[in-house]
Amino acid sequence: MKKIFSLLLAAAMLLSLLAGCASTGGNETNPPESKAGTEESKAPEGGGKPLEGQTIKVAALSSAYIDAYPDMWDEVCAAFEEETGAKVELTLEKNLEDVIGPSMQGGDYPDAVLCATGRQAGLTEQFIKDKLIADITDVLSMTVPGESAKVSDKIIPGFTDTTLTNPYGDGKTYLAPMFYSPCGLFYNAGLFAEKGWSVPTTWDEMWALGETAKAEDISLFTYPTAGYFDTFFPTLVYSVGGPEFFDQVMNYAEGVWDTDAAKQCFDVMAKLASYTNPVTPAQANEDDFKMNQQLVLDNKALFMPNGTWIVSEMADSPRADGFAWGMTALPSGSTGGTSASYCWMEQMWIPAAADNVDGGKQFVAFMYSDKAAQIFAKGGAAQPITGITDGMEGDNKIFYAIYDNGASAVMGGFATTESVAGLGSIQEVFYDPMNAMVSDPNAKDSWIAGIKSANDQWRDHLVG
């Protein structure tokens, strides 16, 4: 019912948004005119703070970082208010889409939204597809509030050159990179030390370890929910076929799923399904996903795909004696091949129809300040700014060093397409079928057929 409700909500939002476009003279190519540059967004005369008297509405997802440090967003907003003189109205919710959706249907938009792509509700993807997100390219040339550096000087090179920030391939930035995390396979390093097991560097080694673990009644694999394959699968594509194959897959190239590299990707996923703890699919939902993560802490499964937030998310959970977090990149496709780790990141964006686009841009720029970064770090959230890893300690220092240890960084995702009637989302086509494959090996064939069919349809509906 939750999934049906989310789909109905998304559809209702879309109809309302398009109606709003029509009433303001906007359309799919030209977003509704915002209030950027109007009198209310200009700095006051007389030397006051630049946003004195303005109200900026911020909507942010309450994620695992909030579990680790509940005051994180309150402190960041307070620091921004102190620096600029603005008043921030913060909406912070775990079910953010359900909370802000109804108000947006009524034309009341936040001025800045922290909600990444890849979530089940698909709110951010819908705004991208319908070109209802403001162009924030100019934020990169803005001076960070309270500092002398420009935003572009602080962001780590490469983070604004991916489809996650520039979804239309037009050289413009629409989504700001936030909170990045190396993703890979997490495991109990203490168990490996106790057993004398080596972490696999190839898939052949992984399958051999699967047999060894099976003999001790331990499953090789589990996953929190099928949605976690949104970082795992693209990384597998990269590690098997390299950057050229990755780009072809992400852009729905004709015949790409009939290649040898594609076959290897399909085989890996199917074999992983056969080695997955059988209770995983029943628990792979928003309510029970921590039970699958607990399988690793209890030595009932060896590996799970996840990100660095897992440490704080499971901080209070029981665990086996001697447990210690370990993380490894995905194995290479063959000996001497490429091991890889997906660089996952959240995104902040501004609805084109927001009342205070200029104020929202100032807030986005402040996200790259040293003040904001230090507050975010209290919750374990790492901003993609130069030098952010210098002060890391403990588990995070190990995790973020994965790229220094030879793993290739994978960023970006599937190219944006228009909505296609009768065709599911990327998650529904690529990742959700993993639940069926765990219990039914024959589900592999229908999964592959679905990918090939969807790939051709998406290619014909690319947004550009």
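Which residue just after helix 15 takes a positive phi? That's G380, with a phi of about 85 degrees. Helices here (H or I, at least four residues) and strands (E, at least two) are DSSP runs, numbered from the N terminus.

## Ground rules

This is a predicted model, where local features need pLDDT of at least 70 and side-chain atom pairs count only at pLDDT 80 or more, while totals for chains, interfaces and linings use all residues. Residues are numbered from 1 along each chain as its sequence is written, and side-chain values use heavy atoms, with hydrogens and water left out.

## The whole chain

The protein chain has 19 helices and nine strands. Of its 464 residues, 52% are buried, where buried means under 20% relative accessible area, exposed means over 50%, and partly exposed is in between (1.4 Å probe, protein chains only). The accessible surface comes to about 19300 Å², and carbon and sulfur atoms own 50% of that; the areas come from the Shrake-Rupley method with a 1.4 Å probe, and for residues only the protein chains shown count as cover.

Take the contacts (heavy atoms within 4.5 Å) with a separation of 6 or more: 76% of them are between residues 24 or more positions apart.

## Helix 15 and its cover

Back to helix 15, which spans residues 370-378 and has A372, A373, I375 and F376 as its buried residues. Looking down the helix axis, these fall within an arc of 165 degrees, so they line one face of the helix. The arc is taken from the directions from the helix axis to the C-beta atoms. Their cover includes helix 3 (72-84), strand 4 (176-188) and helix 14 (357-366).

Skipping its neighbours within four places in sequence, K361 is in contact with D135, I136, D138, V139, M142 and I350.

## Rings

A search of the whole structure turns up 39 aromatic pairs. The rings are those of Phe, Tyr and Trp (its six-membered ring), and they pair if their centres lie within 6.5 Å; planes under 30 degrees apart count as stacked, over 60 as edge-to-face, and the rest as tilted. One of the pairs is F186 with F399, edge-to-face at 5.2 Å centre to centre and 75 degrees between the planes. That pair links distant parts of the chain, with F186 in strand 4 and F399 in helix 16 (residues 394-400), 213 residues apart. Both of these phenylalanines are buried.

Ring pairs also tie F233, Y252, W257, F266, F414, F430, Y431, W447 and W458 into a cluster. As for charge over a ring, K131 lies over the face of Y168, 5.0 Å from the ring centre. The test is NZ of Lys or CZ of Arg within 6 Å of the ring centre and within 35 degrees of the ring normal.

## Cysteines and a few other spots

How many disulfides are there? The count is zero, taking a disulfide as a pair of cysteine sulfur atoms within 2.5 Å. C115 is buried at 1% relative accessible area, and C265 is buried at 0%.

S317 sits in the loop between helix 13 (310-313) and strand 7 (325-328). At 18% relative accessibility S317 counts as buried, and it touches Q294 and L297, not counting residues up to four places away in sequence. A449, in helix 19 (residues 443-459), is partly exposed at 44%. Its C-alpha atom is separated by 9.9 Å from that of V429, 20 residues apart along the chain.
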